[in-house]
Amino acid sequence: MADATVDTVASVPVAIVGGGPAGLMLAHRLGRAGIGTIVIDTRSRREIETTQRAGILEADAARDLVETGVCDRVLREGHEHEGVEIRFAGRPHRIDFKELVGRSVWLYPQTDVFTDLADARDRDGGTVHFGVKDTEVLDITTGAPRVRYTAPDGSRHEIRARYVVGADGSRSMCRHLVPEDRRVRYGKEYPFAWFGIMAEAPTSAPELVYAHSEHGFALISQRTETVQRMYFQCDPDESVDAWQDDRIWETLQARVAGEDGFRLQEGPILEKTVLRFRSFVQEPMRWGSMVLAGDAAHTVPPTGARGLNLALHDVKVLADVLVRALGGAGEGALDEYQPRALQRVWRAQNFSSWMTQLLHTAPGGTPFDLRRQLGELDNVVGTRAGRAYLAEQYTGWPAGSRA
Ligand code: DHB
């Protein structure tokens, strides 16, 4: 295959495998610096646009979309959230981000971030090929790596590049190209998953609600005034077909119920999915001329809303070092990428796994475990230091922060 003839050969400085937010934002940032890219993805644009993903953008990431010229739709259609509600033992507790750390987050779904980036690529004349197959990444230990793929019409193509970026998500094929004896994989599995729904219903609360209950975790999020996104903790092997609407609402209502009489607004359920998750990091994030970014290099459980933000931070750093490497500084500039990206990755790994364990009930947990967890929740919401810690982590860390 590697040497079979192809129908076209294209040359660009950077070939990007993966056209999700990480790959497209990298292409956008490089494009602004005059560096050409070709992005390929196995999925169709429609498939990416209709797969529900994360919902929360750090204020810095929202600002970057506007300031780098992607577009300003996030400011018009997104919702700025200055806090979040943590519920446990039937009581609500507001964490006021603005007051505690002077920052906020934006409720702006990943599908919208993707659409904005894909539209910006079209507008700016960027090349993105969706729906490709048989992707091969070749010669990454040389200074002339290649990417080969089959287009939807069956024709074969080759991209010759100076660098290849693997931004191909949590099921990355690129990450496997780092030789097995030279890579380290760190990870953790969780004994639960999330059951996610989209429901046609009015908004139940002005901000997100993260709820702990002895029956398990629930998260109440939003999409529009008439469509809501919610999740509840379930078994990783749960089947969506076992859940009719009534049972889903009963489960969600039980998990958010409390002495304040809080109730969710119900409506027809439009979509149901079981979302498995894990904590994962692969090092190194670069092998020769190939660099990994976003979920391809690391994934986090969704509880801390970090995954998309982390991917966007990776490509911010990566664009900076690639511009310098290609601008004459040479390959040495790339050495900065991993340490700069990884500091935030491990902070986010810690926060995401901490939030997950704080709010979920582990199967087989003892009465001691439950009471200890309630004690921890009380420490978090009942002390300024606890609230500030959560606010600081959830809103992201200012770029370059080390303190
Ligand atoms: C959403 C998803 C998350 O994982 C999270 O922590 C907050 C919000 C969402 O889909 O809206």
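Strand 14 (184–189), helix 9 and helix 10 (367–382) each give at least two residues to the lining of the second largest pocket. Helices (H or I, at least four residues) and strands (E, at least two) are DSSP runs numbered from the N terminus. The model is predicted: local features need pLDDT of at least 70, side-chain atom pairs count only at pLDDT 80 or more, and totals for chains, interfaces and linings use all residues. Residues are numbered from 1 along each chain as its sequence is written, and side-chain values use heavy atoms, with hydrogens and water left out.

On a 1 Å grid over the protein atoms alone, a cavity is a set of points where a 1.4 Å probe fits but cannot get out, and a pocket is an open set with protein on both sides within 12 Å along at least five of seven lines; lining residues have an atom within 4 Å of a point. Grid points are joined across faces, edges and corners, and a volume is the space filled by probe spheres set on the points.

| Space | Volume |
|---|---|
| Second largest pocket | about 290 Å³ |
| Largest cavity | about 150 Å³ |

The second largest pocket is lined by 17 residues, and His 360, Thr 361, Ala 362, Asp 369 and Gln 373 are the closest to its centre. Helix 10 supplies the largest share of this lining, four residues.

The structure has one cavity of 30 Å³ or more. Among the 14 residues lining the largest cavity, Asp 60, Ala 61, Asp 64, His 313 and Lys 316 lie nearest its centre. Helix 1 (21–32), helix 3 (59–67) and helix 8 (307–329) each give two or more residues to that lining.
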